[in-house]
Amino acid sequence: MAILVTGSTGTIGAQVLAHLQGRNADVRALTRSPETAQLPAGVTAVRGDLADPDSVRAALAGVSTLFVLAPNVADELTQAMLTLTVAREAGVKGIVYLSVFGGDAYADVPHFAGKYTVERMIEALDLPATVLRPAYFIQNDLRQKDGLLKAGVYGSPIGAKGVSMVDIRDIGEAAAIELDRRERSATPLGRETYALVGPNGLTGEGIAAVWSEALGRAIRYGGDDLVVMEQRTKTMLPAWHALDLRLMFSRYQTEGAVATADDIARLTKLLGRAPRSYSAFARDAAAQWANA
């Protein structure tokens, strides 16, 4: 039998595939374009699209364990729920679902509320699943490069409450561990939930200080203006997506998204080490930029 990874050519899917290497598993990657997909050695490309349930049915032939990463699109909830339905009908014995940290609390943020609804489906149907709840991705801040280097500004409006940002490599490793565990089990395993978080609650001012140290120059926090952020984001993403992200950052500013000590301890036990820190990421990024 095999592990099928959806979202395989995206940021997180690529990390999952990388961390499945060396685990002696038959790994397949769902992609709309198997002819051109850039995949690790030994991974088999399988044609499919979560928006097309029939293609998912076909891709699940011979699959026993499934990684579900629904794309960030307007009908993300529908795609995720139908994918789980098809997997259940196909008799898939193990599922790892990528949700989000804080989905139960951020009821007005569409992509958070949608992921939490999928979690409710998993619970209601007692699906044999691990739910992974990643916080904001540390590597999203690679987009801050120009602002940091050219203007001395950290521009992501994180606010002052704190966000326990997670390194995408830790997401990929956690997913691979759980996929491998479920794949190797002779019978379906019970549900598990993990918060995928970093070791620190980071604020906008705090992150600016991290970058000041990493870059060896003064970096200031750009502030909390969400209207400007939404307008800027609309030049790169659809309007619905820009508003969705503005609502997320608004929640970060008013409530934060800080992990508990238990969250961090549980993830540390899963990984066999402490989760990676933002400071380590910033030092690595600064070194790479200096050598570019």
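Me: How much of the chain is buried?
Reply: Buried residues are 50% of the 292 in the chain. Bear in mind that this is a predicted model.

Me: What about secondary structure, how many helices and strands?
Reply: The chain has eleven helices and nine strands.

Me: And how does the radius of gyration sit against the globule rule?
Reply: The radius of gyration is 19 Å, close to the 19 Å the rule gives for 292 residues, so the chain is as compact as a globular protein of that length.

Me: What box do the C-alpha atoms fill?
Reply: Roughly 55 × 40 × 40 Å, along the principal axes.

Me: Contacts next. Of those with a separation of 6 or more, what share comes from residues 24 or more positions apart?
Reply: That share is 74% in this chain.

Me: Switching to helix packing. At what angle do α1 and α6 pack?
Reply: About 55 degrees, with the axes 8 Å apart. α1 covers residues 11-20 and α6 covers residues 168-184.

Me: Why call α1 oblique to α6?
Reply: Because the angle of about 55 degrees makes α1 oblique to α6.

Me: Left-handed or right-handed crossing?
Reply: Right-handed, as α1 passes α6.

Me: Which residues make the contact?
Reply: From α1, Thr-11, Ile-12, Gln-15, Val-16, His-19 and Leu-20. From α6, Ile-168, Arg-169, Ile-171, Gly-172, Glu-173, Ala-175, Ala-176 and Leu-179.

Me: How do the residues of that contact divide, by nonpolar, polar and charged?
Reply: Eight are nonpolar, four polar and two charged.

How values were computed:
Residues are numbered from 1 along each chain as its sequence is written. This is a predicted model: local features need pLDDT of at least 70, side-chain atom pairs count only at pLDDT 80 or more; totals for chains, interfaces and linings use all residues. Side-chain values use heavy atoms; hydrogens and water are left out. Axes are lines fitted to C-alpha atoms, for helices over the stretch in contact, and angles run from 0 to 180 degrees between N-to-C directions. Helices (H or I, at least four residues) and strands (E, at least two) are DSSP runs, numbered from the N terminus. Angles under 35 degrees count as roughly parallel, over 145 as roughly antiparallel, 65 to 115 as roughly perpendicular and the rest as oblique. A crossing is left-handed if the near helix is turned anticlockwise from the far one by less than a right angle, and right-handed if clockwise. Contact means heavy atoms within 4.5 Å. Ala, Val, Leu, Ile, Met, Phe, Trp, Tyr, Cys and Pro count as nonpolar, Asp, Glu, Lys and Arg as charged, and the others, Gly among them, as polar. The radius of gyration is taken over C-alpha atoms; the globule rule is 2.2 Å times the number of residues to the power 0.38. Buried means under 20% relative accessible area, exposed over 50%, partly exposed in between (1.4 Å probe, protein chains only).
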